[in-house]
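Welcome! Have a look at the sequence and the model, then read on.

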Amino acid sequence: MSRYEGKPFVRLLECYILSAIDELPEVYAEKLNEMGPALKETYNLEGGWRDVVAQVMHFPDTVDDELRNMWAHNQTVAAQNGQILAAEAFAQAVVDQNFKEETQGEPPAADGLAAEDEEE
């Protein structure tokens, strides 16, 4: 079974994280910007795709800073262990650790982020 089968919001969360840490590939950014109007309509919210995801998830205004800090910390830990942390792996780990309902196909709902060390 695909990681995203029946759980399309999981990929949106991962892309949000990649965007926050400046690792979202341009081709994804373009497609997500194109999806923005449909997401706005689906969730009856205003803003671009990132705004919609943030509103659906009830993210605090500080979430991007939190994600960037987690990314920097985890990159440091990986480097200390002679490893390289891939942005995709980081985004997937953050989603898996912090948004269990979404990874199981439940409706989006979140209260915060756990800053556990992740390495690849």
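Which residues are buried in α5? They are Ala 87, Phe 90, Ala 91, Ala 93, Val 94, Val 95 and Asn 98, where buried means under 20% relative accessible area, exposed over 50% and partly exposed in between, with a 1.4 Å probe and protein chains only. This is a predicted model, in which local features need pLDDT of at least 70 and side-chain atom pairs count only at pLDDT 80 or more, while totals for chains, interfaces and linings use all residues. Residues are numbered from 1 along each chain as its sequence is written, and side-chain values use heavy atoms, with hydrogens and water left out.

**The overall picture**

- The protein has six helices and zero strands; helices (H or I, at least four residues) and strands (E, at least two) are DSSP runs, numbered from the N terminus.
- Along the sequence, the pattern reads α-α-α-α-α-α.
- The protein has 120 residues, and 38% of them count as buried.
- Of the contacts with a separation of 6 or more, 63% come from residues 24 or more positions apart; contact means heavy atoms within 4.5 Å.

**The nonpolar core**

- The largest nonpolar core holds 33 residues; such a core is a set of buried Ala, Val, Leu, Ile, Met, Phe, Trp, Tyr and Cys residues joined through side-chain atoms within 4.5 Å.
- At least two residues of this core come from each of α1 (8-20), α2 (26-43), α3 (49-57), α4 (63-80) and α5 (87-98).
- The largest share, nine residues, is supplied by α1.
- Leu 13, Tyr 16, Trp 49, Val 53, Phe 59, Leu 67 and Phe 90 have the most contacts inside the core.

**How α1 packs**

- Two packed helices are described by the angle between their axes and the distance between the axes.
- For α1 and α2, the angle is about 125 degrees and the axes are 12 Å apart; axes are lines fitted to C-alpha atoms, for helices over the stretch in contact, and angles run from 0 to 180 degrees between N-to-C directions.
- α1 and α2 are therefore oblique to each other, since angles under 35 degrees count as roughly parallel, over 145 as roughly antiparallel, 65 to 115 as roughly perpendicular and the rest as oblique.
- In this pair, Phe 9, Arg 11, Leu 12 and Cys 15 of α1 meet Tyr 28, Leu 32, Met 35, Leu 39 and Tyr 43 of α2.
- The axes of α1 and α5 come within 9 Å and cross at roughly 125 degrees, which makes α1 oblique to α5.
- Among the α1 residues that meet α5 are Val 10, Leu 13 and Ile 17, and their α5 partners include Phe 90, Ala 91 and Val 94.

**α4 and α5**

- α4 and α5 pack at about 120 degrees, with axes 11 Å apart, and are therefore oblique to each other.
- Leu 67, Met 70, Trp 71 and Asn 74 of α4 make the contact with Ala 87, Phe 90 and Val 94 of α5.
- At 1.5 Å a residue, the twelve residues of α5 should span 16 Å, and its end C-alpha atoms are 16 Å apart, which agrees; the expected span is 1.5 Å times one less than the number of residues.

**Other places to look**

- In α3, the buried residues are Trp 49, Val 52, Val 53, Ala 54, Val 56 and Met 57.
- His 58 follows α3 and has a positive phi, near 60 degrees.
- Lys 7 sits in the segment before α1 and is buried, with a relative accessible area of 13%.
- Lys 7 and Glu 101 are 94 residues apart in sequence and 9.8 Å apart in space, C-alpha to C-alpha.
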